[in-house]
Amino acid sequence: MTTDTSREELDAVVVGAGFAGMYMLYQLRDVLGLSARVFEAGDDVGGTWYWNRYPGARCDSESYLYCYSFDKDLAQEWTWSGKYPEQPEILRYLSHVADRFDLRRGIQFETRVTAAHFREDLNRWEIETDQGDRVLARYFITGVGCISAGQVPEIEGLENFEGEWHHTGAWPHEGVDFAGKRVGVIGTGSSGVQAIPVIARQADHLTVFQRTPQYTVPARHGTVTPEFLEEVKEQYDEIFEKTRFSAGGTPYGEPERSALDVDDEERRDIYEAAWEEGGFRFLLTTFSDIRIDRRANDTAAEFIRSKIRETIDDPETAEKLLPRDHPFGSKRTLIDTNYYETYNRDNVDLVDIRHAPIEEITANGLRTRDGEYDLDVIVFATGYDGMTGAFNKIDIRGRGGERLKEKWAEGPRAYLGLSPAGFPNMFMITGPGSPSVLSNMPPTIEQHVEYISDFVAYMREHDLETAEAEAGAEAEWVDHVNQTASETLYMLADSWYLGANIPGKPRVFMPYAGGLDVYREKCDEIAAAGYEGYVLRSRESVEA
């Protein structure tokens, strides 16, 4: 970090111009009247939806819920095209929001934050970018996204591949032409499940390399009409209220019945109805104990396996696709469109790389333990260094020069998933230890942004220079996050929630599994108690 004193001074710096960074900018600048700048690596707004342009990219939350709720006029003037918003439509929506609130003038594009150090002599964050910017800011706020750091596995020989390869999280904006080509997709997580059916329709031949079979639920994208989406607008006040105070950030309501308290016929009828409706409702509205009781979960898991058997023509392929090593919902619940049906196509093959691992990428394709595959294009649908990866790409240092990466060496630690102890005036929107990816993201983001905004307003009102999470409060919250996760089935899967997809990453469950409603209530209690759990220092006490 430079010691040059020629630095611009701002009230706040925000990293990232997705849903989180855009709303944070609006709150800081337009509501609080502060000087703020957003630094964004892309050349426009969008965050994860700017980078994830792979074929079939679509949000898993229903469109009328995957949007901002803070402005009633905004909600009324935007009309979604269908049940689930596809990537181009989400990008158009966020562009519309940026235009409507004149946000772009507060965003510096094509600029990546490389370092953020807390200067104890100034009680300011000193921030540097790859474009040579040097900024001092009272508040350092991250909206870097939970799954924005793509993970390309280290496979021997990749540099020798003579074809083209791409990661779904860094897709070429001009697209990829698969016509007449032999394509290999490695990975069957969310991006793989979405991309595979689309690529299969374009490619001459597609080979899917699967390590872990997935539970997926059909999206039923065509079950929502424009008339329904217009009717939603008349109910938005009620819908948004339910969404804010729900566990998962949806207005569906929580079922009270147990999967074990009904007979086999009634249980199957309930599952069938939810299956036909599609989407997250299968997980959220059928039975209350699917996510916490293995016996109840087994009934849902077996139902999905029965649907896979019914759909796949070839019994051997069907057997490869049956998930058995983890409970349903313990990994990210996947929503698909014609995923299983794709394996009935003559131009699609499935390779099980759990039992025959990939050993090498060759000049002409790749080789597993059991054979070689000639490929023109390789698509890495191999996921992300979730929750912490984007933070580790920035040199973040707090008091005494402590590096955030080193503080998190054994797993991320932060009070409320918002504030790491030892890092004054730093706030993380949907950071590790918050509900984040276990709920619908926009209402979760809005809760965080509004909490931070209210906190900053409180600090200004009370002439407070710094706010820093107490180490004891941080430890108690991390223990609570771990205890809450231990009471669920999430711990029974090797998922990216636990960092299991990254070699050497500590196995710690990173999101908060207690629900957005419980989390919101806890944050409100802390705020009402004068931000209990934080050390608040006035300007006089800091100078003394």
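A residue is called buried here when its relative accessible area is under 20%, exposed when that area is over 50%, and partly exposed in between, with a 1.4 Å probe and protein chains only. Glu-110 counts as exposed because its relative accessibility is 53%. The structure is a predicted model, in which local features need pLDDT of at least 70 and side-chain atom pairs count only at pLDDT 80 or more, while totals for chains, interfaces and linings use all residues. Residues are numbered from 1 along each chain as its sequence is written, and side-chain values use heavy atoms, with hydrogens and water left out.

Glu-110 lies in the loop between β3 (107–108) and β4 (113–119), where helices (H or I, at least four residues) and strands (E, at least two) are DSSP runs numbered from the N terminus. The phi angle of Glu-110 is near 50 degrees, a positive value in a residue other than glycine. Asn-425 also has a positive phi, near 60 degrees, and is likewise a residue other than glycine. This asparagine is placed in the loop between α14 and β18, and with a relative accessible area of 0% Asn-425 is buried.

Rings of Phe, Tyr and Trp (its six-membered ring) are paired if their centres lie within 6.5 Å, and planes under 30 degrees apart count as stacked, over 60 as edge-to-face and the rest as tilted. By this criterion the whole structure contains 48 aromatic pairs. In one of them, the ring centres of Phe-391 and Trp-408 are 5.4 Å apart and the planes stand at 70 degrees, so the pair is edge-to-face. Phe-391 is buried at a relative accessible area of 3%, and Trp-408 is buried at 6%.

Ring pairs also build a cluster, whose members include Phe-19, Tyr-23, Trp-49, Tyr-66, Trp-80 and Phe-101. Aromatic rings take part in a further kind of contact, in which a charge sits over a ring if NZ of Lys or CZ of Arg is within 6 Å of the ring centre and within 35 degrees of the ring normal. The charged end of Arg-53 is placed in this way over the ring of Tyr-50, at 5.0 Å from its centre, and that of Arg-520 over the ring of Phe-245, at 5.3 Å from its centre.

What of the cysteines? A disulfide is a pair of cysteine sulfur atoms within 2.5 Å, and a search of the whole structure finds zero of them. For Cys-59, the closest cysteine sulfur is that of Cys-67, and the distance of 10 Å is too far for a bond. Cys-59 counts as buried at 6% relative accessibility, and Cys-67 counts as buried at 4%.

Grid points are joined across faces, edges and corners, and a volume is the space filled by probe spheres set on the points. The second largest pocket holds about 380 Å³. Its lining has 21 residues, and those closest to its centre are Ala-247, Arg-291, Ile-292, Ala-513 and Gly-514. Helix α17 (residues 516–528) gives the most to this lining, with three residues.

Among the residues that line the largest cavity are Pro-412, Arg-413, Trp-477, Val-508 and Met-510.

Asp-463, in the loop between α15 (441–461) and β19 (464–469), is partly exposed at a relative accessible area of 31%. Asp-463 and Glu-86 are 377 residues apart in sequence, and their C-alpha atoms are 45 Å apart in space. Gly-253 is found in the loop between α7 (236–244) and α8 (264–277), and counts as partly exposed at 41% relative accessibility. The C-alpha atom of Gly-253 is separated by 27 Å from that of Glu-77, 176 residues away along the chain.

Key: 1 Å grid on protein atoms, 1.4 Å probe; cavity = no way out; pocket = protein on both sides within 12 Å on 5 of 7 lines; lining within 4 Å.
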